[in-house]
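Please read it alongside the sequence and the structure.

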Amino acid sequence: MLFQQIKYLIVKEIKLELRNKYALGGILIYVVSTVFVSYLSFKQIINPATWNALFWIILLFASINAVAKSFINESGGKMLYLYTLTGPQAVILAKIIYNSLLLIVLSGLCLCAYTLFIGNLIGDLPLFLIVLLMGSMGFSSLLTMVSAIASKTSNNFTLMAILSLPIMLPLLMVLIKVSKNAIDGLELWDWNSLLILAFLNVIVISLSYLLFRYLWRD
Amino acid sequence: MDSSLKGRPGGAIWWKLIAVVFVLYTVIAGFLVSVPAQPILHESIRNLYFHVPMWFSMMVILFISLWHSIKYLSKSTIESDIIATQAAHTGMLLGALGLATGSFWARYTWGAWWVADTKLNGAAITMLIYLAYFILRGSIDEEQKRARIAAVYNIFAYVMLIVFLMILPRMSDSLHPGNGGNPGFNKYDLDKNMRLVFYPAVIGWILLSVWILTLRIRLQKLKRKLMFNE
């Protein structure tokens, strides 16, 4: 039942997104132009630590922008209709999954643009892609929940950044550490950190699942 | 403790007496009782009685805040919301004091007011999270809605904070005692004399901060009463 509803809601999100393509296009252009600005400012990056940090910072702010609209732009009446039709849990899980897909596309594009302009220093591409995948999922679940919180306030776009940055730091620091390992191309994978990443994802998603039922009512 | 948190005047006072006696004892004995002579630390080791209990009390007070946020979500009484907010305010006061005492200590032992360190970063992020919590509260007008949304953020942020404080020390080394291979104080330095001051200091500061909290709650309730009478 829940899975059926989630599937239906995700399909609805994708249809809506494709119906007005300018929103999706805006986010994609945002990433590419941020990378281009960094390229013009830095010219070339040789230090792997800097390369890594800049990549994640670009992705962090692009993700905040991409996910911010997921609740903020929704009209109250439509959301109420969805909540009564399917239940709040299905809505938040569907949003998280949809935003994960969006951020996976976004981070893939970011990596391509970054490689094209600034260069590619990655030694262990499979590990880096896994980290990117888990990072997108973590960003999406955290930001979706924060976006739901911020949408209830009056100045929500400022609050989105203020509320999300401090609680995203644990995730971001683990991501930067593991992806640094991937860039260095170490023989042994750092399973411990990958486990921490998975653990963080599970915690955030279960917290969203538990807490969202108190959030949606007006 | 819960009934005293309601902030009724004329509640039990024995724990307030303990708080006063223990904190007075900490201040007097903390500066007078002899301490082990340690290189680098020297007499600054006495800061242990003030710096460490601040963080212990902050965690206790923030836990009270979390507890009442959970309680608000299940019962929806505005009293829990007042307690949760005032506890967050009191926690920030203690955090600021902890940062100030820690900063002085760092200046005289590590040579800088602030160093890039896991414990210090954890403290800074704690402050950022709760400042964001206050801004979130400030941007919602309707009382019930504000209480509900803030409670959700409080729970969400507290869990992320605990996770952060758990995983962060594993990620990098630290100068701070008790981290990254550094021994905590109790291993070598905390001799019998220091324990006799340190444990009462912890209890005294925690009780004193709960007392501050009860006063803040009473004040807030009176303000609310005044506002609704007018």
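In this predicted model, α3(B) and α4(B) pack with their axes 8 Å apart and at an angle of about 160 degrees. Axes here are lines fitted to C-alpha atoms, for helices over the stretch in contact, and angles run from 0 to 180 degrees between N-to-C directions. The angle makes α3(B) roughly antiparallel to α4(B); angles over 145 degrees count as roughly antiparallel, those under 35 as roughly parallel, 65 to 115 as roughly perpendicular, and the rest as oblique. The crossing of α3(B) past α4(B) is left-handed. A crossing is left-handed if the near helix is turned anticlockwise from the far one by less than a right angle, and right-handed if clockwise. The contact of α3(B) with α4(B) has 15 nonpolar, 12 polar and three charged residues. In these classes Ala, Val, Leu, Ile, Met, Phe, Trp, Tyr, Cys and Pro are nonpolar, Asp, Glu, Lys and Arg are charged, and the others, Gly among them, are polar.

Residues are numbered from 1 along each chain as its sequence is written, and chains are lettered from A and ligands numbered from 1 in the order in which they are written. Local features need pLDDT of at least 70 and side-chain atom pairs count only at pLDDT 80 or more, while totals for chains, interfaces and linings use all residues.

The loop between α3 (48-75) and α4 (78-109) of chain B holds B:S76, which has a positive phi although it is not a glycine. In chain A, the loop between α2 (21-42) and α3 (48-72) holds A:K43, where phi is likewise positive in a residue other than glycine. Their values are listed here.

| Residue | Phi | Other C-beta atoms within 10 Å |
|---|---|---|
| B:S76 | about 60 degrees | 14, partly exposed |
| A:K43 | near 65 degrees | 8, exposed |

A residue is buried if 20 or more other C-beta atoms lie within 10 Å of its own, exposed if 12 or fewer, and partly exposed in between, with C-beta atoms placed from the backbone.

Chain A has eight helices and zero strands; helices (H or I, at least four residues) and strands (E, at least two) are DSSP runs, numbered from the N terminus. The radius of gyration of chain A is 18 Å, close to the 17 Å that the globule rule gives for 218 residues, so chain A is as compact as a globular protein of that length. That radius is taken over C-alpha atoms, and the rule is 2.2 Å times the number of residues to the power 0.38. Along the principal axes, the C-alpha atoms of chain A fill a box of roughly 55 × 35 × 30 Å. Of its 218 residues, 41% count as buried.

Within chain A, the axes of α1 (residues 2-19) and α5 (residues 88-117) come within 9 Å and cross at roughly 50 degrees. α1(A) and α5(A) are therefore oblique to each other, and the crossing is right-handed. Residues of α1(A) in this contact include A:L2, A:I6 and A:E13, and those of α5(A) include A:V91, A:I97 and A:Y98. By class, the contact of α1(A) with α5(A) divides into 10 nonpolar, two polar and one charged.

Between the chains, 23 residues of chain B are in contact with 23 residues of chain A, contact being C-beta atoms, placed from the backbone, within 7 Å. On the side of chain B that touches chain A, α5 (118-138) and α6 (143-171) of chain B each give two or more residues. The largest share, 14 residues, comes from α6(B). That side of chain B has 20 nonpolar, one polar and two charged residues.

Key
Contact = placed C-beta atoms within 7 Å.
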